[in-house]
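Open the model in your viewer and keep a selection panel at hand. The stops below run from the contact between chains to single residues.

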Amino acid sequence: MPLLLAPAALLLILVYAVPVGGLLVSSLSAPGGPFVFYAQILHDRALWLVLGRTFTLAGEVTLLCALLGYPVAYVMLVASERWQRIIAILILLPIWTSVLVRAYAWMVLLGRTGLVNQALVGAGIVDGPLQILYTRFAVVVGLVHVMLPYFVFPLLGVMKRIDLRLVAAAQSLGAGRISAFFFVFFPLGLPGVASGGILVFILAIGFFVTPALLGGLGEITYVMLIETQINQLMNWGMAAAMSVVLLATTLILVFIWSKLLGFGAIRGEAAMPAGRRSGRLIARILAATSSLRRRRRVRVRQAPRGQSHWLAGGVTAATVLFILLPILIFFPLSFSGAPFLEFPPSSYSLRWYANYFARADWLAPTVVSFEVALLTMGLAMLVGMPAAIAVARGRFRGVGVCMGFLTAPAITPTLIIAVGLYFQFARLRLIGTIPGLVLAHLVIALPLVVIVVLGALRRVDEAPERAARSLGAHPVRAFLKTTLPLIRPSILSAAFFAFLASFDDVVMALFLSGTNASTLPKRMWEGVRLEIDPTVAAVSSLLIALSVVLLSINEIVNRRAQRKGGVPT
Amino acid sequence: MTRKIGHRLSLTVAALAAVLAVFDAGQAVAQDKGTVTIASFGGKFQDGLRKALFKPFEEATGIKVVEATGISLAKIKAMVMTQNVEWDLFECVPSEYYVLSQQNMLEKIDYGLLDKTIMGQMDPKALAPYGVGFLSFSQVISYSTRKYSKENHPHTWAEVWDLKKYPGKRILPAGDYEIEPMEPALLADGVAPDKLYPLDLDRAYKSLAKIKPAVIKWVTSSSAVPQALVDAEADIGLGAVARIAQLKAEGAAIDFDWNQGLITSDYWAIPRGAKNYRNALKFIEFASQGKPIAELVKILPFGPSNRTAFDYLTAEEKAKLPTYPENLEKQIWLDPKWWADVDGSGRSNLEKEHAMWNAWVTQQ
């Protein structure tokens with residue numbers, strides 16, 4: 001089993017542990033003694049405060065993602081295949097735009113003259129515009145918008161393998177709809193909440209573009225401070241020491257979380273019973289009132305496919321609208337005739353589209369970005385899936401450590417990895433090459449794949465696979481024929497996240513793409529020092545339109561196949 | 001031993017990369033003597049450089065310009081330390097220039113190889129040991145014309161700080177950004193422009209505390225200020241004049257005042273170990289001449305350090321530039337060197353200020 005871990009471990013040792021380790025060693029080689037930076041960090045009250053605030057912010061974002069994401073996943077689960085796909089497409093639409101454009105869209109929406117304030121004032125709810133932009137609220141909104149898919153899809157992957165007949169059985173035995181949900185369905189879905197939650201929490205800690213653009217002084221995060229140390233003060237020793245502190249505290253927090261809630265988030269089956277217990281406790285509290293009221297009238301229901309509670313439906317509709325809101329901003333923006341970003345546009349034109357298609361310095365990076373992202377996706381799946389299987393099924397010592405190692409790159413500031421990688425890649429002449437970029441992106445894509453696939457594998461029934469093996473099937477064939485189909489939704493979302501990790505990356509690209517392998521996010525980021533080029537709105541709109549067209553074609557093909565009696569893909 | 005392991009690991013990475021290279025179409029092109037790789041800020045700025053400097057330079061010398069973007073100090077340090085210097089020349093602002101030269105990341109400029117006549121036309125302030133400040137740029141008091149007008153707007157930093165006389169939201173740079181709010185804070189508090197340095201940081205923070213309630217955002221990117229003024233999110237701010245003026249010309253509802261503007265230089269610098277040092281010098285020499293610089297500042301309103309550039313400009317074009325005498329006399333030169341000064345503790349004023357900023361930000 002540990003053999004399955006080998007490719008992932010080898011890859012991460014080479015392109016993560018060695019380069020980052022080199023930097024960490026440098027944090028110990030300060031002129032004033034090995035621990036001078038650590039002493040400085042230890043005694044700097046401000047740094048601890050910022051660290052605390054970073055975790056609080058990430059916690060708030062995770063909680064909100066859970067509150068909004070859970071109903072969405074649930075509605076998707078019980079909806080028809082077609083609606084499921086439509087909701088998925090809608091939720092994933094904004095992902096095709098750079099984080100920078102999305103932050104700008106939120107500025108337009110939340111600003112003093114923005115649409116939200118206009119609506120509030122117009123409805124007479126407030127007298128004058130509220131200061132929403134540059135506050136905690138704006139940052140949380142921006143982050144939840146970016147992170148929500150990372151919560152919904154791992155959770156949905158787990159939910160899909162819950163046997164809904166259990167819920168029906170509970171109802172036939174007299175449980176109300178709500179108590180059946182909280183006593184039966186909810187505990188079974190908890191591992192999905194755990195893996196989605198950890199993914200969001202970890203990503204939110206490392207994210208600094210959104211807080212920097214939308215937040216105020218209270219939203220300064222630890223990673224922003226590390227970035228300043230690296231990029232402005234060029235004090236790499238200090239930056240490395242701060243990264244160690246961040247990495248260690250985050251891992252401790254995640255460990256405590258998994259122990260406390262017993263979700264088995266780090267290890268395969270760690271403390272599952274405790275998880276069920278605490279889950280049941282929460283469920284009992286939540287369900288107490290409703291089950292009391294419903295005791296008189298027992299309603300027996302079929303498996304709940306096709307129906308969901310109106311509340312879940314309402315939250316889902318609102319969430320989808322929230323997700324789509326920024327798109328409604330930059331579609332008109334992309335047709336603006338003004339030479340700068342202005343909303344609503346005072347005139348309309350196609351100049352930004354024309355600019356995109358006329359310029360090789362926009363088109364070439366687009367091709368590079370797709371090439372790199374597709375390669376990253378394929379390789380991350382090839383390497384990450386076996387690793388996830390090894391961790392989920394492994395009965396060897398140190399599984400927890402392996403899991404920690406596999407997810408560590410997600411918590412390490414990307415800038416630190418990029419600097420470390422530069423040293424290695426420079427020696428190997430990989431700077432400015434596509435293989436170099438793919439290797440770098442694998443480091444950030446791999447943890448996502450492992451977390452998502454692992455979350456799915458944890459709930460899968462191993463019995464069919466064992467049966468297949470006992471009947472003589474080769475272990476690989478047994479896995480492919482029994483377990484793989486069961487976790488297919490999670491595999492798809494893992495692949496998508498891997499694609500995105502590469503397609504959305506700016507930091508690695510700025511460092512490693514040289515003069516001849518520029519990517520789209522890097523191109524979008526350019527010139528931002530002086531102005532935001534409205535061409536980015538046109539590019540984003542094009543990518544969104546492209547994804548809608550491709551998915552619609554897929555939808556039509558599917559329906560034709562279904563009509564002919566085929567199996568939908 | 002560790003070296004051996006390191007070597008073996010490197011070989012494995014190389015093998016991995018070789019596998020990936022099968023998919024790779026465009027391998028890194030080896031540089032020959034006939035090129036110079038120049039990194040700048042990208043976007044419209046680089047479009048201007050290309051038109052006014054890169055293309056004419058290629059035509060005049062036959063040396064091919066390879067363009068790069070994505071300048072960051074960390075990247076330059078990584079290039080120099082690995083001796084994999086991708087760029088021959090890059091642009092940097094003074095705070096970057098001083099940090100880089102202090103850490104020995106730059107090549108000395110061999111002024112003996114540069115044309116004496118051309119260099120003689122330059123402002124002597126521009127000729128630094130490790131870089132040539134070919135342009136100047138200004139940060140000025142900027143405002144939204146939806147709230148204030150040419151006649152009625154704050155003209156000095158003291159007036160920007162006067163919340164009664166000029167109510168409205170302010171937008172200022174953060175204390176850990178490359179443009180500092182400390183000089184404006186001290187000017188607002190009554191420090192004479194010629195007595196600014198050495199900065200009294202404690203006094204600056206006391207002054208900042210007074211304006212803090214009106215500041216909606218302490219920015220860490222210079223595109224944020226113009227955008228906030230255009231969107232009427234803020235009413236008054238410290239903006240980069242080139243962008244503010246450009247937006248004004250394009251019809252946005254913003255304006256600015258040259259008075260008490262903060263002016264500083266933009267350098268060409270050569271990373272230590274650059275592959276085409278002599279070509280980089282040739283480019284610096286070319287880009288220091290009055291005529292090409294005049295072409296550049298017609299597109300991008302920066303201040304030429306070569307005074308003869310004004311001979312190629314119309315009166316209207318001249319009046320837009322930060323180093324036009326009439327504009328220049330209203331402004332105040334920043335002294336970035338003070339920021340780079342290191343005391344007995346081994347920390348620069350910049351580093352000390354960053355720590356103070358973090359403490360100030362978190363105590364609120």
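Buried area is the accessible area (1.4 Å probe) that two parts lose on being put together, summed over both. This is a predicted model, in which local features need pLDDT of at least 70 and side-chain atom pairs count only at pLDDT 80 or more, while totals for chains, interfaces and linings use all residues. Residues are numbered from 1 along each chain as its sequence is written, chains are lettered from A and ligands numbered from 1 in the order in which they are written, and side-chain values use heavy atoms, with hydrogens and water left out.

**The interface.** Select chain B and chain A together. About 6500 Å² is buried between them, with 60% of it on carbon and sulfur atoms. Chain B gives 81 residues to the contact and chain A gives 66 residues, where contact means heavy atoms within 4.5 Å. The two chains share 2 salt bridges (a side-chain nitrogen of Lys or Arg within 4 Å of a carboxyl oxygen of Asp or Glu). Show the side chains of D47(B) and R359(A): they form a salt bridge, 3.0 Å from N to O. On the side of chain B that touches chain A, 39 residues are nonpolar, 21 polar and 21 charged. In that grouping, Ala, Val, Leu, Ile, Met, Phe, Trp, Tyr, Cys and Pro count as nonpolar, Asp, Glu, Lys and Arg as charged, and the others, Gly among them, as polar.

**Helix 16 of chain A.** Now select residues 360-393 of chain A, which make up helix 16 (helices are DSSP runs of H or I, at least four residues, numbered from the N terminus). The 34 residues of helix 16 reach 49 Å from first C-alpha to last, close to the 50 Å expected at 1.5 Å a residue; the expected span is 1.5 Å times one less than the number of residues. At M381(A), helix 16 bends by about 25°, the angle between axes fitted to the seven residues ending there and the seven starting there.

**A salt bridge within chain A.** Over all chains, the whole structure has 26 salt bridges. One to display is E219(A) with R136(A), at 3.5 Å from N to O. This pair links distant parts of the chain, 83 residues apart: E219(A) is in the loop between helix 10 (209-214) and helix 11 (222-231), and R136(A) is in helix 7 (residues 136-159).

**Backbone stops.** Most residues other than glycine have a negative phi, and most peptide bonds are trans.

- F343(A) and P344(A) are joined by a cis peptide bond, omega about -10°; P344(A) is in the loop between helix 14 (310-334) and helix 15 (351-358) of chain A.
- Y197(B) and P198(B) are joined by a cis peptide bond, omega about -5°.
- M234(A), not a glycine, has a positive phi of about 50°.

Notes
Helices (H or I, at least four residues) and strands (E, at least two) are DSSP runs, numbered from the N terminus.
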